[in-house]
Amino acid sequence: MCSRYDSANHYTFSRAQSGEMVPAILNSVHEKKPLHSMVNPQREAQRLASSIPDSTLLVVLLGLGGGFTAEAILSQTQAQLVVIDYNKEGIKELFSVIDYSRLVNNKRFSLLIDPDADEIKCFLLQNYNPSLCGGIKTIPLRARTEAEPLLFENAVRAIQETVDIISSDYSVQVHFGRRWFSNIIRNIKDFEPSMENKLPCSITGAAIAAAGPSLNQQMPFLSELKSKQVFIISCDTALPVLLQNGIEPDTVVSIDCQHISYHHFFGYSNIKNIYLALDIASPPLLSRLPFHPVFFSSSHPLAQYISAVWQPLFQIDTSGGNVTYACLSLAETIGAKNITLFGADFAYIRSGTYAKGTYVNPYFDKKQNRFLSLEAQSSAFLYRSEFLPKTSQDQSYRETSSLRFYREKFEKKAAETDAHITCAKGEGAPVKIQNRLTDNAIRNASLPKTKRNSITGSEFLDQYRKNIAALPEAGEDDYLHKLDKNEREIFTTLLPTAAFIKYRNPSFKANDLIEETKRYCVELIRKVI
């Protein structure tokens with residue numbers, strides 16, 4: 001070490017034997033700990049970077065240090081790199097002594113300074129897509145993370161939580177990405193101005209009818225509310241139960257993109273006065289049923305794009321993963337101040353999966369034969385997921401991991417809703433409601449403005465097809481960062497479809513996947529229009 005520079009408070013700087021300037025962090029008693037090898041920091045960094053798999057296209061580096069590790073990752077891989085570090089004043093010291101220009105001028109490099117958990121999550125949600133990025137790897141700069149372990153442990157926790165969210169969402173995209181895109185395109189083609197939203201924008205009371213087994217016992221109470229002109233929102237599964245009991249709901253909500261959802265509506269023709277709130281990704285045949293169809297937008301990027309640039313659809317939160325959650329979001333959207341829940345059991349009661357009158361028994365009845373009885377199908381349906389242990393011996397309901405997840409998501413949504421929510425008496429899993437409505441609370445409905453683009457669905461699709469075809473050709477570099485704002489919006493609408501294609505073609509590299517996704521989507525739109 002031939003020279004040394006003392007910093008104000010946080011770092012000292014010394015030259016390694018190979019000549020590079022190496023920062024050493026100062027602890028609370030001003031002991032110095034070099035962040036890199038004092039023999040040859042570049043060789044150390046290159047060895048670390050060589051351990052990153054080729055399939056990893058996003059690397060999170062905990063600690064900036066002298067930039068040796070970051071430079072090695074960018075030079076030896078095609079990965080996007082984000083560095084997370086803390087202490088703004090300390091980072092100023094690093095930049096005052098070390099030249100980081102090769103990092104900051106690289107489009108694949110990002111630096112998050114003093115980020116909280118939400119900022120980390122937001123960055124990853126915007127920049128990490130498993131189908132394009134492959135794996136994600138977190139690398140700690142040990143000497144740096146050991147100096148402030150609590151900060152970096154919180155960062156690691158935020159990273160893991162975000163990856164879990166992305167992975168869960170990706171697994172859904174893998175199964176439904178193609179179907180979502182196909183359904184949306186066909187619904188746009190058949191979209192008519194008569195589908196304009198005419199739902200009420202402010203109501204006093206609403207009842208949500210889910211399809212749990214308790215619904216049968218709660219029917220008299222629901223019927224009483226109907227006679228008092230309470231606005232009834234029904235899950236699609238609960239619709240036949242209500243109609244068989246002489247209760248016509250005001251609105252039915254359907255969010256499933258699969259064609260099995262059609263079974264909820266078999267045999268009903270005199271229901272033109274009921275609004276059918278459909279996810280724009282619902283099967284196209286549902287909008288042709290004898291309802292008054294109203295499309296809404298969930299979180300699918302193509303649905304969001306449609307709502308922004310063509311037809312302003314009203315928004316429903318479907319992130320809870322079940323239609324009861326979506327019904328609550330609709331009730332909130334139209335301004336309900338008091339909401340009563342029916343059939344929201346989130347559990348199986350005495351071996352019952354749904355209320356009597358749903359599609360399940362007729363569906364199984366049509367499929368049964370000598371080798372597959374109605375009872376065998378019902379049993380397989382009931383036990384398709386493992387039951388969680390009972391909380392008490394006299395507990396009459398049984399939960400699964402999925403049902404508990406749905407209930408907890410619903411409870412969280414309810415706690416964030418400015419409405420007074422109550423549950424009709426039933427035998428299902430207790431739904432814990434924390435009402436936060438105050439006497440002075442003002443409900444503001446969030447229905448869309450009526451101003452709409454005058455072009456037809458076919459014209460919109462033709463322009464959308466041209467926009468996809470005009471996207472830049474994929475290369476070996478980071479594709480997203482070479483797109484302008486409009487191009488990125490278009491490409492984002494294709495990502496769920498890309499997840500589906502990647503799953504069925506795991507050998508595809510990012511550029512192959514991008515070109516195949518573009519080709520597939522352009523060809524599908526061409527066929528539809």
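**Hairpin, then helices**

Tutor: In the hairpin of β2 and β3, with five residues between the strands, Gly19 takes a positive phi near 105°. This is a predicted model, where local features need pLDDT of at least 70, side-chain atom pairs count only at pLDDT 80 or more, and totals for chains, interfaces and linings use all residues. Residues are numbered from 1 along each chain as its sequence is written, and side-chain values use heavy atoms, leaving out hydrogens and water.

Student: How many bridges join β2 to β3?

Tutor: Five, and the two strands run antiparallel. Tyr11 stands opposite Ile25 in β3. Strands here are DSSP E runs of at least two residues, and helices are H or I runs of at least four, numbered from the N terminus. Strands pair if DSSP finds at least two bridges between them.

Student: Why is β2 largely enclosed?

Tutor: Because four of its five residues, 11-15, are buried (under 20% relative accessible area, 1.4 Å probe, protein chains only).

Student: Switching to helices: what angle do α16 and α19 pack at?

Tutor: About 160°, with axes 9 Å apart. The axes are lines fitted to C-alpha atoms over the stretch in contact, and angles run from 0 to 180 degrees between N-to-C directions. α16 and α19 are therefore roughly antiparallel (over 145 degrees).

Student: Which residues make the contact?

Tutor: Among them are Leu461 and Ile468 of α16, and Val522 and Ile525 of α19. Contact means heavy atoms within 4.5 Å.

Notes: Buried < 20%, exposed > 50% of the residue type's maximum accessible area, 1.4 Å probe, protein only. Parallel < 35°, antiparallel > 145°, perpendicular 65-115°, else oblique.
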